[in-house]
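Thanks for asking me to look this one over with you. Have the picture open while you read my notes.

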Amino acid sequence: MGRLDGGVAFITGGARGQGRSHALALAREGADIAVVDILGQISTVPFEMAREDDLVETVGLIEEVGRKAVAIQADVRSQEQLDAAVAETLEKLGHIDYLVANAGIWSRAPLHEVTEEMWGDMMDVNAGGVWRTLKAAVPHMMERRDGAIVITSSVNGLEGSLNYVHYVASKHAALGIMRSAALEYAPYGIRVNAVCPGFIDTKMTDWPGAYEMTTGSPEGTREDHLRGGHYWHALAGRGVMPPESVSGTVLYLVSPESKDVTGVAIPVDGGHMILPGVNSEPVFADEIPPSR
Ligand SMILES: NC(=O)c1ccc[n+]([C@@H]2O[C@H](COP(=O)([O-])OP(=O)(O)OC[C@H]3O[C@@H](n4cnc5c(N)ncnc54)[C@H](O)[C@@H]3O)[C@@H](O)[C@H]2O)c1
């Protein structure tokens, strides 16, 4: 007996990384899964996005644990594609109980170098994509007077950061969508919550720009990066954390154990948010030039 027996989950960005890990965690508890992913590159994203073989692998892993999986190529920037994805899920799996709006992108640049295109893509995927995903599936949940939704924000939805203002803005927006949706759909018995992951080891953070961020050097290697990850988290032994770290909280937020929980954003961050802030480059008043 699983905690989600008979349930169906619709997971965006499910081909790999955290989305795949969540899909498997929910499948192991008895849910069938619609795995939705773009399977294509967005030009402002500086690392490779998921490919078809990633999605095929995820489907195989879900089937290995004895659950049904439906693979759907859809871009969360398109309402039409998401509506079609929901329709296909309903046709093949019957209903949708759990929605995990997890698809996201990341890129880096100082605020004054972020281009219109970078800003537009980031907001369109990480904020607009969450709104559209809910828009596609919520009417079905309203009819059933039931549903649990988990939105993937980030610790960057709770605090500022350096050199990716567009990502930080999009993840704050995701929490605004979560809180508004939780309020709007509470009368229908639909719960809406968010996870705010810390630093997670996925393809999103496994490229030279991410190594530079963790190590403070453009020469930083993956090995340095994994060591540097320890500075981001408070709990002992937590460097850059595996995707599975987040899946237990996603599972909790869709399961009956959280039936009275809605409208919350849970950091899954190894204690990152409780770290005392330290200014690594303090500027003292008497050093500020008059023109500044
Ligand atoms: N890795 C981290 O450190 C970290 C930390 C906090 C939050 N997050 C968030 O977690 C979520 C999952 O990211 P991840 O770490 O697993 O990285 P990832 O790159 O492995 O996974 C993201 C997935 O989303 C898909 N995707 C991107 N744009 C899409 C679109 N327009 N339509 C459909 N699918 C799309 C990608 O193809 C990919 O499969 C993202 O929302 C990310 O912002 C990541």
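Here are my points, starting with how to read the model and then going from the sheet to the helices.

1. Before anything else: this is a predicted model, where local features need pLDDT of at least 70, side-chain atom pairs count only at pLDDT 80 or more, and totals for chains, interfaces and linings use all residues. Residue numbers start from 1 along each chain, as its sequence is written. Helices (H or I, at least four residues) and strands (E, at least two) are DSSP runs, numbered from the N terminus.

2. Start with the sheet. It is open, has 7 strands in the order β3-β2-β1-β4-β5-β6-β7, and its pairing is parallel (two strands pair if DSSP finds at least two bridges between them). The edges are β3 and β7 (265-268), each with a single partner strand, so one side of each has no neighbour in the sheet. On average, neighbouring strands are turned by 15° against each other, direction ignored.

3. Now zoom in on one pair. β2 (residues 32-37) and β3 (residues 69-73) run parallel, joined over 5 bridges. For instance, valine 36 has isoleucine 72 of β3 as its bridge partner. To get from β2 to β3 the chain goes through α2, and this β-α-β crossover is right-handed (with the strands pointing away from the viewer, the path from the first strand over the helix to the second runs clockwise).

4. Next, how does α1 pack with α2? The angle between α1 (residues 17-28) and α2 (residues 52-64) is about 15°, and their axes are 9 Å apart. Axes here are lines fitted to C-alpha atoms, for helices over the stretch in contact, and angles run from 0 to 180 degrees between N-to-C directions. On the α1 side, the contact uses Arg20, Ala23, Leu24 and Ala27, and on the α2 side Thr58, Leu61 and Ile62 (contact: C-beta atoms, placed from the backbone, within 7 Å).

5. α1 also meets α8 (residues 244-254), with axes that come within 9 Å and cross at roughly 50°. That makes α1 oblique to α8. Among the residues in this contact are His22 and Leu26 of α1 and Val250 and Leu251 of α8.

6. Finally, look at α5 (residues 165-185): this helix lies across β5 (147-152), β6 (190-197) and β7, and runs at about 160° to β6.

Technical notes. Two residues are in contact if their C-beta atoms, placed from the backbone, lie within 7 Å. Angles under 35 degrees count as roughly parallel, over 145 as roughly antiparallel, 65 to 115 as roughly perpendicular and the rest as oblique.
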